Structure formats: structure tokens, C-alpha cells
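I opened this entry to look at a ligand site and at ring packing. My notes follow the model.

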Amino acid sequence: MRRVQYDRYGGPAEMHFGEFDLPLLGRNHVRVAVRAAAINPFDWKLRQGAMKLFMNRSFPKGMGTDSAGVVEAVGNDVTTVRVGDEVFGTMDFKKSGAFAEQVTLDANLVAKKPPQLSFAEAACLPIPAMTAWAAVVDRARARPGSSIFVNGCAGAVGSSAVQLAITHGARVAGTSGPTSMASASAAGVQPIFAYSNKSAYLNGEKFDAVFDTLGTLGVGDGLSMLNPDGVFVDINPTAPRLIRGMVSRRYKLAFATMGIKHLSAIAELACKGALRPAVGVEARFEDALSTLTKAELGPRLSGKVVLLMKT
Ligand SMILES: NC(=O)c1ccc[n+]([C@@H]2O[C@H](COP(=O)([O-])OP(=O)(O)OC[C@H]3O[C@@H](n4cnc5c(N)ncnc54)[C@H](OP(=O)(O)O)[C@@H]3O)[C@@H](O)[C@H]2O)c1
């Protein structure tokens, strides 16, 4: 089976299509014929070597974590999905390989696809929505009457965060680029500031939580926008920020919370229409290399970029 892989860390030129034999199916594993796989910034950061200290040394390595498709086979201990089910899911970044015709997923990271969503839409959910959940529900504790400021409220994580916060009863303000203001407003963000209008939001209202999806706000600025008991949530760690996150009460890092519990909660919200990802570009799997390169190097595309596999 074909997949997108690379033989050493580096830029987009390292990516190529390769033949790959999936390992034998483990007792807790699910084999999925991939119909759609969504591109996350993390995919090219991994290929660039951002997490190489945590990876094994073997190559080639596959790319991609988030996908949706149809179950082809299940291990003996799997009870949550059956052959023929339409599913979506993700994989541990160390085992990346979702930009492929088939994937083997841990049963703990697969859930039934909400019937209301296309394969492309469902593939967009896992990492962005699980990260937003960790930030907005677990860290910021979004609740009725609380207020949250989302820096980058129209990106994949940002728009999931807005929807989750509103579903949990919070009021959301935030920043976006000029082309995303209309969609952010339609999603319920009020007020929305341009990134460049920093003085307006730094000197305005105070919030119960500030969620910086982009890592551009600056910790001091983020903290200055908080109510006395508020929390600043960051998802773009650097070494100093990791340490700060461990010792500070008001500054917290959040990471995608991987597991069936959150994936199922996300699927349930998607079934109710409370969580819907915006697909921006659908490209053929055959065009994966050029599509990934464009997504990585820009210009900025609106909505998620999804690879569609042949049925
Ligand atoms: N900690 C974790 O577990 C975790 C998980 C997932 C993602 N992340 C990180 O979170 C960040 C956001 O991820 P995402 O999936 O939401 O990304 P995304 O969908 O590509 O969103 C990008 C956001 O960045 C804004 N942006 C501003 N200037 C930009 C530029 N020059 N090029 C591209 N975008 C620009 C966009 O704003 P406008 O649309 O308003 O212009 C948009 O809100 C990434 O750095 C990613 O690595 C961390």
C-alpha cells in the first residue's frame, strides 16, 4: 500500500510516495481503508525534526495522523467498532502514517464517524478538536458565564475552541486575520480584533481565560488580559514555556488529549451539530506532495486541507 513518507528530517523535498507493508494486526488494533486524511501543521513540524528527541531512529517515517475511512479488520479484543463501520481517528505521532491508502489504528483512538459529517470533515476533527478540548474544557474550564479570549480564533484549533467554549456556555472574543473575520463572527466570536490592533485588545476587557492558539501573544501580554483568577493557555511550547507551565498557576500548556473518551465526546458534539470543522481544500491523494508543500509554505489557505483517497 502507498503512503507519504520521508527518509530523513528536512523540508518538503524529503517527502515521497513509498510502498509500505502494514504490521500484523494486534489484538487492540483496527485496520482502516482511508477515505480522507487531514493535514495539520504538526505533520510538517514532525518531518522537519521538531520532535526528533522523542522519535525512534528508523526511517522511512510516514506522515499524517488524522484520518477517516472504513474498517477493514479488527483485532480480537476490539469491541467498539466492526468491519464495515465508517470511522474517524488519529494515531500517536511516533507512529504517523495517515497519508496512506490504509492505516492501523489503536482501538482507543478510533470512533464511529458522525453520520452528519463527510469523511473529509470527520478527518479534520481529531487533533484540532482534542487540543481545543484540552485547552478550553480541561484548562480554561469554560462554563456558563465565563469569558474566553482566543488568539487565532479562525484556525482549525481556534474554531474548534470557539465552538467548544460556546457549547459549554462561555462567551468568546478573539483575534483573526482579515479574511477570517466573517466566519469568526458567524461562529459567535464577539468582539473580533485584527491581529494588528493589539493595543485595543490589550487595553480592553479582562477575561477568565486567554487561549493563544498561535504562540504569538506573548506570555506577559496574555497574563495582563486576565481577571485575577484567570488562566492563560498556550499550545505552542518552547523549553522555557514548558518549565513555566509546570510551576505557574496562571500559565498552562495544553496538548491534544488522546483517547476514546474525548474522541467519543467530540463525535457526540459533531452529531448534535455543535462542532463542525470547515474544510477549505480537498485534494486528490495523488497530489499529496504538492498539496502538503503548498499547505506548509503558503500562502495561507482558509479552512482545513484534506487529502481524498480513491474509493
Ligand atoms: N499542543 C498541541 O497539542 C497542538 C495541537 C495542534 C496544533 N498545535 C499548534 O497550534 C497551532 C495552530 O494549529 P492549527 O491546526 O489551528 O493551524 P491552522 O488551522 O493552520 O490555523 C492557523 C491560524 O494561524 C493564523 N495565522 C496568522 N498568520 C498566519 C500565517 N502567516 N500563516 C498561517 N496562519 C496564520 C490563522 O489566522 P487567520 O485565518 O485568522 O488569518 C489561523 O487562525 C500550530 O502552531 C500547531 O502546531 C499544537
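Below are my notes on the ligand first, then on the aromatic rings.

**Ligand shell.** I worked on a predicted model. I listed what surrounds the ligand and got 21 residues. The closest are Lys-45, Gly-177, Ser-180, Tyr-195 and Asn-236. I then sorted the shell by residue class: 11 are nonpolar, 8 polar and 2 charged.

**Where the shell comes from.** I checked the helices next. At least two shell residues come from each of α1 (41–48), α3 (126–139) and α4 (156–167). Why does the ligand lie between domain 1 and domain 2? Both domain 1 (2–125 + 277–308) and domain 2 (127–253) give residues to the shell, so the ligand sits between them.

I looked up distances to ligand oxygen atoms. An N or O atom in the Ser-180 side chain is 2.6 Å from a ligand oxygen. For Tyr-195, a polar side-chain atom lies 2.7 Å from an oxygen of the ligand. Val-157 uses its backbone: a polar atom there is 2.9 Å from a ligand oxygen. I also took the area. The ligand alone exposes 920 Å², and the protein buries 73% of that.

**Aromatic rings.** I counted 10 aromatic pairs.

Definitions and conventions:
Residues numbered from 1 in each chain as written. Predicted model: local features only at pLDDT ≥ 70, side-chain atom pairs only at ≥ 80, totals over all residues. Heavy atoms only, no water. Near = heavy atom within 4 Å. Polar contact = N/O pair within 3.5 Å; in protein donor to acceptor, adjacent residues only side chain to side chain. Areas by Shrake-Rupley, 256 points an atom, 1.4 Å probe, with all protein chains shown as cover. Helix = DSSP H or I, 4+ residues; strand = E, 2+ residues; numbered from the N terminus. Nonpolar A, V, L, I, M, F, W, Y, C, P; charged D, E, K, R; others polar. Domains from an automatic or database assignment. Phe/Tyr/Trp six-rings, centres within 6.5 Å; stacked < 30°, edge-to-face > 60°.
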